[in-house]
Amino acid sequence: MSYRSAEKVLPYELIELIQQYVDGDYLYIPRKESKRKKWGENTAIKQELEERNTAIFEDYIQGLSMEELAEKYFLSEKSIQRVVYQKRRGS
């Protein structure tokens with residue numbers, strides 16, 4: 001996210017009004033609901049996590065223990081259990 005100067009994009013009257021509430025601080029203005037993007041929409045992270053989770057489940061089916069999987073994938077045993085449970089359910 002980059003910052004833009006309010007003086008370059010907002011009318012002076014609006015800046016004065018905002019300064020009554022926030023003077024000299026940074027202010028985040030959220031996107032409109034209709035323009036929000038879903039998590040991971042700009043990257044391939046969803047696909048990468050799906051591939052990792054499939055590999056975890058396949059290793060589990062091959063007989064690796066939860067502890068071994070946690071060490072191999074650098075996750076907690078609870079996270080491994082969650083992945084295995086979700087894959088078993090077909091999610």
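Predicted model: local features only at pLDDT ≥ 70, side-chain atom pairs only at ≥ 80, totals over all residues.
Which residues gather in a patch of positive charge on the surface? Residues are numbered from 1 along each chain as its sequence is written, and side-chain values use heavy atoms, with hydrogens and water left out.

**View 1. The positive patch.** Arg31, Lys32, Lys35 and Lys37 form this surface patch. Patch residues have over 30% relative accessible area and no salt bridge, and like charges are joined within 9 Å. A salt bridge is a side-chain nitrogen of Lys or Arg within 4 Å of a carboxyl oxygen of Asp or Glu. Lys35 sits in the loop between helix H2 (12-19) and helix H3 (45-61). Helices are DSSP runs (H or I, at least four residues), numbered from the N terminus. Lys35 has a relative accessible area of 53%, so it is exposed. Exposed means over 50%, buried under 20%, and partly exposed in between (1.4 Å probe, protein chains only).

**View 2. The negative patch.** Glu67, Glu68, Glu71 and Glu77 gather here on the surface. Helix H4 (residues 66-73) gives the most to this patch, with three residues. Glu68 is found in helix H4. Its relative accessibility is 43%, so Glu68 counts as partly exposed.

**View 3. Asn53 and its contacts.** Asn53 lies in helix H3. Its relative accessible area is 13%, so Asn53 is buried. Leaving aside neighbours within four places in sequence, Asn53 is in contact with Val83 and Lys87. Contact means heavy atoms within 4.5 Å.

Conventions. Patch = residues over 30% accessible without salt bridge, like charges linked within 9 Å, V, L, I, M, F, W, Y side chains within 5 Å. Areas by Shrake-Rupley, 256 points an atom, 1.4 Å probe, with all protein chains shown as cover. Lys, Arg positive; Asp, Glu negative; His and termini not counted. Charge placed at Lys NZ, Arg CZ, Asp CG, Glu CD. Helix = DSSP H or I, 4+ residues; strand = E, 2+ residues; numbered from the N terminus.
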